Amino acid sequence: MPTLEEGQVFERYFIIRWLGSGVSGEGYEAKDVMLQQKVTLKLIHPWSPLPDSAGRQFFREMQGISRLNHPYLASVLDYGENNGQLYVARRFTSAGSLLGNEGRMWFRPPLSIPDAIHYTYQLAQALEYIHSQGNLHGALTFSNVLVLRGPNIENDPHHEPFLLVDVGLANFVRRFGQTQALPLPITSAPEQLGKRVTPSSDQFALAVLLFSWLAARPPYLGSPEEIEHQKLTETIAPLRTLNIKVTSEQESIVRRALSIYPDERYSSILAFARALLATIALPTQPGIPSEPDPTSGIFAEPVPNLQSAPIPAPEPVAIPEPTPPTPDIPTSLPEPSSAPQLQGNQASTPVLDMLLSPPGEVQEEGDHVESSLSEPLPGPARFIIISPYAEGSQEVVLEREEIAIGRAGSSDILLEHDAQTSRHHALLKREDEHYIIYDRRSISGVLVNGQKLADAAGHILADGDHVRIGNYELIFRSATLSPVN
């Protein structure tokens with residue numbers, strides 16, 4: 001039951017109607033009788049009195065939050081205490097939040113990929129600014145993203161449909177009050193189960209919003225207990241099966257931001273958004289700021305118009321035409337009898353067969369196959385990754401001294417779709433002029449040309465070597481190595 005009634009006057013605010021309740025308190029549409037303007041009035045923790053120490057902390061935190069000034073944040077107009085009741089007044093929008101009628105109609109998922117990433121980038125800028133000022137949001141959900149206007153149907157590069165609200169309020173109530181036994185929102189990060197909140201927690205929440213925009217459903221479904229278990233075990237619905245237009249790279253970015261451990265997510269929420277942005281727009285595209293200053297409040301560069309941005313076609317992998325094996329040259333792949341046996345539709349790699357078979361020739365079962373990937377490609381060393389879960393192959397340039405390979409969101413080479421792949425499966429290290437691969441005590445081991453590595457022993461990779469990790473095939477291509485920065 002609402003604390004305030006229609007027509008009641010609270011402090012200097014005339015109550016028009018009740019808007020709803022949340023973790024932090026109750027919201028009302030009200031009129032500021034002094035300034036003669038509509039506001040959203042929020043009563044903070046109206047269910048029971050807060051101790052005096054909590055009130056003093058509220059005023060300290062609101063001093064900083066009220067000074068926040070960013071184009072994607074709803075400004076705080078007033079805050080205070082009236083007869084023991086804490087309150088905040090902020091800008092009012094008639095369309096409400098993304099959960100309101102207009103929000104559900106205008107931004108009905110699944111959204112187009114450029115739109116979803118554009119909106120994510122916009123919210124990330126506001127959150128990065130909040131973090132740069134020493135604050136956290138702590139409870140980002142669809143209900144505290146306000147709708148200013150409809151979708152960007154006119155491709156306006158300055159289109160700004162959202163405002164972010166309620167910075168720090170839910171986090172304050174969870175620390176100092178009682179939340180009426182309400183479960184944490186689906187967007188809350190795993191560490192928030194223990195009442196720990198970091199900037200990375202906001203990144204997790206934003207990734208849940210993006211996933212929902214792309215898949216038309218959240219990444220977790222079930223009871224609060226089931227959702228908690230899914231988060232703690234990184235049991236995430238495969239995004240590409242829910243939206244076939246999502247690329248494997250985009251799914252990998254989202255999954256990394258949804259990692260159970262904060263240090264396995266991106267270094268900042270803006271780094272997460274920029275990684276997404278790079279999948280749909282060239283880095284040098286006009287209108288995309290390369291290094292916006294989050295502390296400036298208002299960014300000098302406009303938000304890029306991603307709806308009209310061309311999606312670059314992937315460059316073809318340059319693989320020399322293979323040659324038939326000769327009796328004098330040993331093959332680089334093992335006899336079929338010694339190859340690892342897989343089950344079901346995981347037992348073959350048709351893309352690999354096409355790469356290694358001469359044009360017009362079908363490789364028969366039991367044939368000896370020799371990799372003719374013996375001439376180093378121009379440029380740096382790289383892996384060509386062939387996955388049974390995606391069409392085509394992916395090329396990863398090896399640019400670091402140490403490269404982690406596995407299913408963990410922090411992996412440099414992320415192989416996330418395979419239960420046979422461990423979270424921290426393998427480590428690739430550059431030593432002198434060689435790359436050496438090590439097994440990190442994985443579940444299924446690391447096989448190089450069909451031979452399983454010993455736990456502690458590394459293997460120096462040669463050009464054309466085939467590395468099997470779970471059901472993924474990685475072809476190593478060497479090159480003239482250049483110094484690593």
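I call a residue buried under 20% relative accessible area, exposed over 50% and partly exposed in between, with a 1.4 Å probe and protein chains only. By that rule Trp213 is buried, at 2%.

Some ground rules for this notebook. I'm looking at a predicted model, where local features need pLDDT of at least 70, side-chain atom pairs count only at pLDDT 80 or more, and totals for chains, interfaces and linings use all residues. Residues are numbered from 1 along each chain as its sequence is written, and side-chain values use heavy atoms, leaving out hydrogens and water.

Next, the rings. I pair rings of Phe, Tyr and Trp (its six-membered ring) if their centres lie within 6.5 Å; planes under 30 degrees apart are stacked, over 60 edge-to-face, the rest tilted. I get 18 aromatic pairs this way.

I looked up Phe107 and Phe162: their centres are 4.9 Å apart and their planes at 55 degrees, so I log the pair as tilted. Phe107 sits in the loop between helix H2 (101-106) and helix H3 (113-132), while Phe162 is in strand E8 (residues 162-164), 55 residues apart. Helices (H or I, at least four residues) and strands (E, at least two) are DSSP runs, numbered from the N terminus. Phe107 is buried at 4%, and so is Phe162 at 1%.

Then I checked Tyr119 and Trp213, which are edge-to-face, with centres 5.9 Å apart and planes at 65 degrees. This pair links helix H3 to helix H5 (residues 199-215), 94 residues apart. Tyr119 is buried too, at 1%.
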